[in-house]
Amino acid sequence: MLTLRPIGFVESPYQETSQVPRGLGAQHHAEGVLRILPEFEPGLTDIEGFSHLFVIWAFDRSQGVELIGRGPADERPHGVFATRSPRRPNPLALTVVELLRREREVLFVRGLDMLDRTPILDIKPYLSSIAPEKLRRGWLAEVEAR
Ligand SMILES: C[S@@+](CC[C@H](N)C(=O)[O-])C[C@H]1O[C@@H](n2cnc3c(N)ncnc32)[C@H](O)[C@@H]1O
C-alpha cells in the first residue's frame with residue numbers, strides 16, 4: 001500500500017460536480033488557485049518559467065470503482081483505463097493548467113476541472129514532446145467524427 005499526503009489544496013469555483021463542464025468538446029477555462037502548503041514552498045522555486053503545469057490530484061469525493069462504464073462523451077461502455085472517469089481503482093487525476101502567476105506558495109491558474117478543496121498530490125511542468133500527427137485518440141476520435 002502507498003500513503004500519499006497532499007502538498008496543497010485547490011481553490012476552485014466548482015462546489016459540485018454538476019458545475020464542471022463535461023462531455024464532448026467541454027472547455028475548461030475556470031480560474032482558481034493551487035495553494036501549496038508552506039513547508040513545500042521551496043519546491044516551487046523556478047516554476048514561474050513554465051506556462052503550463054501537470055497537476056496530479058485525488059478524486060477525494062468519487063464513489064466506488066467502475067472498471068467498465070459509460071461517460072458523458074459516448075453511449076458505448078469503455079474500460080476505466082481508456083477514460084478519465086473518477087471511479088478508478090486508484091482515485092488519481094491529472095489536469096493540465098495554465099500558470100498565470102505565482103505569489104509565494106500560491107499558484108494562480110486557468111483550466112481547472114476539479115472541485116473546491118481538492119487535494120493536490122504533485123505538480124510537474126508540462127512538456128509536450130509527442131508530435132500531433134503521432135497521437136491516436138482511440139474511441140474519442142470516433143465520437144468526434146460523428
Ligand atoms: C472526467 S474527470 C477528469 C479529471 C482529470 N482532468 C483527469 O483527466 O484525470 C473530471 C470530473 O471529475 C469530477 N471531480 C472533480 N473534482 C472531484 C473530486 N475532488 N472528487 C471527485 N470527483 C471530482 C467532476 O465531475 C469533473 O467533471
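Biologist: In what order do the 6 strands close into a barrel?

Modeller: Going around, the order is β1-β2-β7-β6-β3-β8. The pairing is antiparallel. Neighbouring strands of that sheet are turned by 45 degrees against each other on average, ignoring direction. Bear in mind that this is a predicted model.

Biologist: How many bridges are there between β1 and β2?

Modeller: There are 4 bridges, linking residues 8-11 of β1 with residues 30-36 of β2 in the antiparallel sense.

Biologist: And which residue in β2 is the bridge partner of Gly8?

Modeller: Ile36.

Biologist: What lies 3.1 Å from a ligand nitrogen atom, on the Thr95 side?

Modeller: A polar side-chain atom of Thr95 sits at that distance. With Leu115 it's a polar backbone atom, also 3.1 Å from a nitrogen atom of the ligand. Arg61 uses its backbone too: an N or O atom there lies 3.0 Å from a ligand nitrogen.

Biologist: How much of the ligand's exposed area does the protein bury?

Modeller: The protein buries 86% of the 600 Å² that the ligand exposes when taken alone.

Key: Residues numbered from 1 in each chain as written. Predicted model: local features only at pLDDT ≥ 70, side-chain atom pairs only at ≥ 80, totals over all residues. Heavy atoms only, no water. Polar contact = N/O pair within 3.5 Å; in protein donor to acceptor, adjacent residues only side chain to side chain. Areas by Shrake-Rupley, 256 points an atom, 1.4 Å probe, with all protein chains shown as cover. Pairing = 2+ DSSP bridges. Helix = DSSP H or I, 4+ residues; strand = E, 2+ residues; numbered from the N terminus. Axes fitted to C-alpha atoms, helices over the stretch in contact; angles between N-to-C directions.
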